[in-house]
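User: I am new to this structure and would like a close look at one part of it, the metal site. Please take me through that site carefully and then show how it sits in the chain.

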Amino acid sequence: MNIAPSVLTADFTLLSEEIKSIQDADYIHIDIMDGHFVPNISFGPMITKQISTLSACPLDIHLMVTDPLRWIEAFSASKPAFITIHVESNDLDETIRAIKKRGIKLGLSIKPGTSLEALEPYLGVVDLVLVMTVEPGFGGQRFMMDMLDKVKRLVSLRKHLHHPFLIEVDGGVNQETIGLCRDAGVDIAVVGSYLFNQKNRQKAIRDLR
Ligand code: DX5
Ligand code: ZN
């Protein structure tokens with residue numbers, strides 16, 4: 001299992017130490033919120049760029065914004081491994097082209113209330129599918145168990161399509177729920193509050209893996 005710490009719950013007054021504490025992770029997950037697609041605002045491309053200079057760990061940028069197309073160029077400056085947009089957001093096809101033409105891997109995320117059918121037209125082109133296991137907007141929420149079924153259905157669709165996209169989950173992952181994710185077939189787990197509440201993050205990342 002690959003681990004992608006979400007810096008949303010990090011202490012931003014100590015950002016460089018916080019980033020150093022998770023440098024053994026597989027990705028750093030960057031949660032971008034516009035106060036419109038979700039009822040919260042996080043941070044933008046400037047802070048993301050600064051985070052990218054603090055670590056060699058590849059970035060996994062999760063855009064929870066209504067109009068992702070407006071932001072692709074600005075976030076590309078951080079040279080992320082993935083930019084993940086929501087299937088519920090605007091101008092999907094054009095945004096997908098904008099991400100791909102920059103050589104950045106494409107992630108598509110799906111909210112708990114959206115059915116997998118919405119993703120199906122894109123499963124042949126995505127590099128990653130991000131299944132939200134909480135309602136997006138805030139860290140520290142409870143893992144929605146019924147999303148495991150969505151993951152399992154995605155695993156069988158993947159097998160059927162012969163297209164090797166990665167499956168990631170985001171929200172409420174901790175030392176208990178991560179085992180269920182692994183059993184369901186998840187490749188990458190985003191971990192926010194659970195990890196940043198641990199003193200020894202290196203050990204916590206190892207244990208979660
Ligand atoms: C929720 C974000 C998540 C969240 C994860 O909208 O996309 O990445 O910060 O945090 P925890 O692990 O605390 O649920
Ligand atoms: Zn996220």
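Predicted model: local features only at pLDDT ≥ 70, side-chain atom pairs only at ≥ 80, totals over all residues.

**The zinc site**

Along the chain, the donors of the zinc ion (ligand 2) follow the spacing H-x1-D-x30-H-x107-D, where donors are N, O and S atoms within 2.8 Å of the metal (3.2 Å for Na, K and Ca), and sites may look incomplete because water is not among the atoms.

Residues are numbered from 1 along each chain as its sequence is written, chains are lettered from A and ligands numbered from 1 in the order in which they are written, and side-chain values use heavy atoms, leaving out hydrogens and water.

The zinc ion (ligand 2) is coordinated at 2.0 to 2.3 Å by His29 (NE2), Asp31 (OD), His62 (ND1) and Asp170 (OD). Its 6 donor atoms subtend angles of 65 to 164°, which makes the arrangement irregular, since six count as octahedral if opposite donors are over 155 degrees apart and all others between 65 and 115.

His29 is buried, with a relative accessible area of 0%, and Asp170 is buried at 8%, where buried means under 20% (1.4 Å probe, protein chains only). In the chain as a whole, buried residues make up 50% of the 209 residues, and the secondary structure comes to 8 helices and 8 strands.

Terms used. Tetrahedral: all angles 85-135°; square planar, octahedral: opposite > 155°, others 65-115°. Helix = DSSP H or I, 4+ residues; strand = E, 2+ residues; numbered from the N terminus.
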